[in-house]
Amino acid sequence: MADKAHLKELDASIAAFCDMTRDAIRGGLGRIDTRGFASGGPFNAAWLARCIQGWAGPDGDVQAASQTVNYISCHDDWTLWDKLTSAVCGGRGFCRVRPQALRANRLAAAMLMCCQGHVFMLSGEEFARTKRGVRNTYRSPIQLNAIDWKRARAQRELAQYYRGLIALRKRLPALTDKSREAAGRVLEAAQPRGDSAVLLIDNAGGSPWNTLLVAFNTGPEPLVIDLPEGEWTPLVGAESSFLWQTPRSVWAQAQLPPVSALFLGRA
């Protein structure tokens, strides 16, 4: 029998779903209200860097990022929205859309889209799909499993955030590199505060930005970070994932609102 503990012994084209990344970003399977990085749980920048590398590298669990399927929700589990609502909103009213859950959802999506290797999403994750707190709905009625298109229209701003992340990811060689060398693109992973991370990533290979800086603030207070020398272009912010379409420049410092991500690129 082959399992994820023996992926290194298999061909690098064979991949497995990565529950370590899932649990780190949104919380584990023990209870619906367990917290991950995006929902204010214990944070570790080095652990997040491992997620981004697809758990590859010299001491990694796999040969290359090509063997990792990164995800934060799937069909036989709680939806991401139900998990985040339980963790940050006390689990009341899964159909309600609260700002704190939306912030956590955008942050979780930004973390996921940074992960090298393959990316998998549950249909409807991008518009806060809920199964009203039911974990595995394979025997549930169609009313619970059906795609709610009214909710999709109502939450189109969240879907737009996902859309921008996906479009940008396709333009960033560092994040789509699945080779054995991909893990080495993560040059630095710093933790300026207990609830935050700043990662410097080599993005060489046909992109307008040779270097990426991705920062995550999982805490309740704003975060100011010092930028490496040079002119940086905001690519993704707390509210918009399309900043890269209207370039501007920042130098020296940048600020992240509470529970948010920031992507910057340097030419």
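Cysteine 18 is buried, since its relative accessible area is 6%; buried here means under 20% relative accessible area, exposed over 50% and partly exposed in between, using a 1.4 Å probe and protein chains only. The model is predicted, so local features need pLDDT of at least 70 and side-chain atom pairs count only at pLDDT 80 or more, while totals for chains, interfaces and linings use all residues. Residues are numbered from 1 along each chain as its sequence is written, and side-chain values use heavy atoms, with hydrogens and water left out.

**Cysteines**

Let's stay with the cysteines for a moment. A disulfide is taken as a pair of cysteine sulfur atoms within 2.5 Å, and by this rule the count comes to 0. Two cysteines show how far apart the sulfurs lie:

| Cysteine | Relative accessible area | Closest cysteine sulfur | Distance |
|---|---|---|---|
| Cysteine 18 | 6% | Cysteine 51 | 6.7 Å |
| Cysteine 89 | 6% | Cysteine 95 | 13 Å |

For cysteine 18, the distance to the sulfur of cysteine 51 is too far for a bond. The sulfur of cysteine 89 is likewise too far from that of cysteine 95.

Helices (H or I, at least four residues) and strands (E, at least two) are DSSP runs, numbered from the N terminus. Two strands pair if DSSP finds at least two bridges between them. On that basis, 5 strands make an open antiparallel sheet in the order 4-5-6-10-8. Strands 4 and 8 stand at its edges with a single partner strand each, so one side of each has no neighbour in the sheet. From one strand to the next, the twist averages 20°. Helix 7 packs on this sheet by touching strand 8 and strand 10, and its direction makes about 130° with that of strand 8. Contact means heavy atoms within 4.5 Å; axes are lines fitted to C-alpha atoms, for helices over the stretch in contact, with angles from 0 to 180 degrees between N-to-C directions.

How enclosed is strand 5 (residues 196-202) by the rest of the structure? Largely so, because 6 of its 7 residues are buried. Strand 5 forms a hairpin with strand 4, with 5 residues between them. Strand 4 (residues 186-190) pairs with strand 5 in the antiparallel sense over 4 bridges, and glutamate 188 stands opposite leucine 200. Strand 5 is also joined to strand 6 (residues 211-217) by 7 bridges, again antiparallel. There, isoleucine 201 faces leucine 212.

**Helix 7**

Helix 7 (residues 156-169) has 14 residues, which at 1.5 Å a residue should span 20 Å, and its end C-alpha atoms agree at 20 Å apart. The expected span is 1.5 Å times one less than the number of residues. Among its buried residues are Leu158, Tyr161, Tyr162, Leu165 and Leu168. Their cover includes helix 3 (80-89), helix 4 (99-113) and strand 10 (260-266).

**Nonpolar cores**

A nonpolar core is a set of buried Ala, Val, Leu, Ile, Met, Phe, Trp, Tyr and Cys residues joined through side-chain atoms within 4.5 Å. The largest has 54 residues, and Leu48, Leu199, Phe216 and Phe263 have the most contacts inside it. Helix 4 gives this core its largest share, 10 residues. A second, separate core of 13 residues includes Val250, Ala254, Leu256 and Leu264.

Another open sheet has 3 strands in the order 1-2-3, with parallel pairing. Strand 1 (16-17) and strand 3 are at the edges. Strand 1 is joined to strand 2 (residues 68-70) by 2 bridges, and alanine 16 has threonine 68 as its bridge partner.
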